[in-house]
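Trainee: I have the model open and would like to learn how to read it. Could we start with how far to trust it?

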Amino acid sequence: LFVKLFVRQIGELDRNLMSTMLVKHALILVTMDDHRREIPDGGLFIRDGFIEQVGPTDELPGEADEVLDLSGHILLPGLINTHHHFYQTLTRAVPAAQDANLFNWLKTLYPIWGRMKPEDIRISTRTALAELALSGCTTASDHLYIYPNGARLDDEIHAAAEVGLRLHASRGSMSLGESKGGLPPDAVVEDETFILKDSQRLIEQYHDPSPGATVQVVLAPCSPFSVTPELMRQSAALAREYGVHLHTHLAETQDEEEFCVQKFGYRPVAYMELLNWVGQDVWFAHSVYVNETEIKLYAGTGCGVAHCPSSNMRLASGIMPLVEMLQAGVKVGLGVDGSASNDGSHMLGEARQALLASRVRAGMLGASRSGESAPPILTARQALEVATRGSAAVLGRSDLGALAPGKCADFFAINLNRLEFSGALHDPVAAMVFCAPVQADTTVVGGKFVVKAGELVTLDLPRQVEAHNRAARRLVMEL
């Protein structure tokens, strides 16, 4: 009994020492909770990085260690990026790759990426995450699959900690070089035994499965055209042994589909099924070229999809059947993809692109179905849901994606009294997607500011931009 009382007293002491934050008077609070509540004059009460209360300001506690008044602002759950390549911020708008399709784009850039050093990984990670944070993003999954000149995933993980966003760090890999029928040059592929050993090391060293985790590790062989079937199988087995998620590119282009059929005898999705790469713990980037049967397979097995509309348009890859997937019950999240195939990392902008691309697709399908009712289109609120709740489901994060009791205190806010929203305040929530993308005025992760008053508070941004440009010039000018 004495021990129980002592433990209880210690617990009360710990709770009293926890930090609290009161967020109040948001013009409208978009919860994305199970009821999709939108609360006028809304706010949050946060304790030690987690939300305790959500509701109208007058129903919340009146005091806290820190008080944030969001009068005139819209408050939303932090956006969640499910697919990126941070290092590609170093090769945005490279002239030789500006007008190429995916395979030619990759062949142009592989040699440049092969010259990167560990410091380039750290620099590019900070740039990508700074850009994301300023767009309202609070969690990002990155797919790092090239490790030249001693670079490691550790470099990215350590740099991400400086910025303050949550990170799902994917241990990507390439093992199928040109000499063995793959797309990448042999100089940038790795030995499969080393890949698996390093994957195990990273999981054991960094992966945190607990609620509120800031770092989780993902195993992510790059693509069907850059890894062997055996590496895919062994990666799946290792991931399931440790309970981590799996990720890869899939069905992005017609070229990839033709490659899979010719080399393996299967369409991309059927090939994944053969390799035991389907299930609740798997998500694929892109999935532009999937049919109705394959969409049903995704829904039935719990596979998730990272939708990357800007990249798909930039590389002329096509438009993913987003609405069809949502109607079928597929978990779909949003991704900005690599900054060399998007040339930006703006999550609100990507939500807008998802809405617009879905409507282009609906118009194309409607034009080919004369006499039939027009296909459904994505709404602004659905686009925001894909970027929050949908992305959280794809990453397997039940602690993220909504502003509700027990969830992580991850949110962003935008001042509505600005030119871009002038004339759009009839529906401020829809304005977030329909109007031109803007930067967040506030971004908070786990109750801690990353962006405050429109400024990134965790990095010296001018110094970071200078270092990033210097590294980018060195890589590209060495051609």
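Predicted model: local features only at pLDDT ≥ 70, side-chain atom pairs only at ≥ 80, totals over all residues.

Trainee: Which elements have the lowest and the highest mean pLDDT?

Mentor: Helix H1 (residues 2–17) is lowest at 43, and strand S6 (residues 79–81) is highest at 99. Helices (H or I, at least four residues) and strands (E, at least two) are DSSP runs, numbered from the N terminus. The protein averages 94, and 94% of the residues score at least 70.

Trainee: Which residues touch the most other members of the largest nonpolar core?

Mentor: In soluble globular proteins, nonpolar side chains tend to be buried together. A nonpolar core is a set of buried Ala, Val, Leu, Ile, Met, Phe, Trp, Tyr and Cys residues joined through side-chain atoms within 4.5 Å. Buried means under 20% relative accessible area, exposed over 50%, partly exposed in between (1.4 Å probe, protein chains only). Here the largest core has 128 residues, and Trp105, Trp113 and Tyr298 touch the most other members. Helix H2 (residues 102–113) gives the largest share, eight residues. Apart from this core lies another, of 18 residues, including Leu29 and Phe449.

Trainee: How do I read the aromatic pairs?

Mentor: Rings of Phe, Tyr and Trp (its six-membered ring) pair if their centres lie within 6.5 Å; planes under 30 degrees apart count as stacked, over 60 as edge-to-face and the rest as tilted. That rule gives nine pairs. In one of them, Tyr87 and Tyr145 have ring centres 5.9 Å apart and planes at 85 degrees, so they are edge-to-face. Both Tyr87 and Tyr145 are buried. They also belong to one aromatic cluster with Trp105, Tyr110 and Trp113.

Trainee: Are the two faces of strand S13 covered or exposed?

Mentor: In a regular strand the side chains alternate between the two faces of the sheet. Both faces of S13 (residues 331–334) are covered: Lys331 and Gly333 are buried on one side, Val332 and Leu334 on the other.

Key:
Residues numbered from 1 in each chain as written. Heavy atoms only, no water. pLDDT = per-residue confidence, 0-100.
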